[in-house]
Amino acid sequence: MIKIKVRFFALVADLIGKSSIELLFNKKKITLREVLNHISKLYPQLYKINKGFKILILVNGEQAPLNKVISDGDEIAFIPPVAGGGD
Amino acid sequence: MPDGKIVSGQPNINEIITNMINDSYLDGCGALVIFIGYVKGKVDGHIVNILSYDAYEPYASKKLREIAYQEARDKDIYDIKIFHMIGDLKVGDPTIYIFVTGKTREKAFETAKRVLERVKHEVPIFKLERRDDGEYWVLGDGKRVKRKKENDYT
């Protein structure tokens, strides 16, 4: 069993109406690609954003390839363009 | 020692300045550059009431520290400290502080500018502008998207 947390920020959290969810997979091994496919079925609106910006996907705070193996306890985050700092 | 973190209270600026100067002058430093960003009262002709900052922690603080350490590797830079505020900030409230000590003013100014640009583009920090004409997500370099109801951004 693999349990992961998925976090959504800012506009992305608005889009799906939640800031985080937990997912359980009854498997011994799963890749980031498979997790994202699952999330796309749960929240198809995530993949229909058309505002000229990209959503970055992080695994435990780092960018990762789609074939990365996701482990129990990992955290995936959907990050819209960031806007720190001053002007 | 370089440092960077997300904070919800204002840092003690006088103490930081005193410590950074005292730590660095014997190493030949003579320049301290400070950048303070603060909340604008007007954007695109509209009054801003509140600017809400959120951050993906602990990764935002980790990235701020990483930027401070990387930019302080320059032989002419002695120390860098970055503090980024989160929460609901009022007009005029500081949003970010960057302190850089170095051997020359050119190097210190140049480094402070580069640190700010890196913070703006690399750190998972999010900004919601609450204005008299609605709420706007600020995405990247000044692009604004009006906040809508759930499932309505397509």
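B:Ile86 counts as partly exposed because its relative accessibility is 26% (buried means under 20% relative accessible area, exposed over 50%, and partly exposed in between, with a 1.4 Å probe and protein chains only). The structure is a predicted model, in which local features need pLDDT of at least 70, side-chain atom pairs count only at pLDDT 80 or more, and totals for chains, interfaces and linings use all residues. Side-chain values use heavy atoms, with hydrogens and water left out, residues are numbered from 1 along each chain as its sequence is written, and chains are lettered from A and ligands numbered from 1 in the order in which they are written.

B:Ile86 lies in the loop between strand E5 (77-85) and strand E6 (87-90) of chain B. Helices (H or I, at least four residues) and strands (E, at least two) are DSSP runs, numbered from the N terminus. With neighbours within four places in sequence set aside, B:Ile86 is in contact (heavy atoms within 4.5 Å) with B:Ile6, B:Val7, B:Ser8, B:Tyr53, B:Asp54 and B:Ala55. The C-alpha atoms of B:Ile86 and B:Tyr53 are separated by 4.6 Å, although the two residues are 33 residues apart along the chain.

Strand E8 (residues 125-131) of chain B is mostly covered, with six of its seven residues buried. Two strands pair if DSSP finds at least two bridges between them. E8(B) runs antiparallel to strand E4 (residues 46-55) of chain B, to which seven bridges join it; B:Leu128 in E8(B) is the bridge partner of B:Ser52. Five bridges join E8(B) to strand E9 (residues 134-139) of chain B, also in antiparallel arrangement, and B:Val138 in E9(B) is the bridge partner of B:Lys127. E8(B) and E9(B) form a hairpin, with two residues between them.
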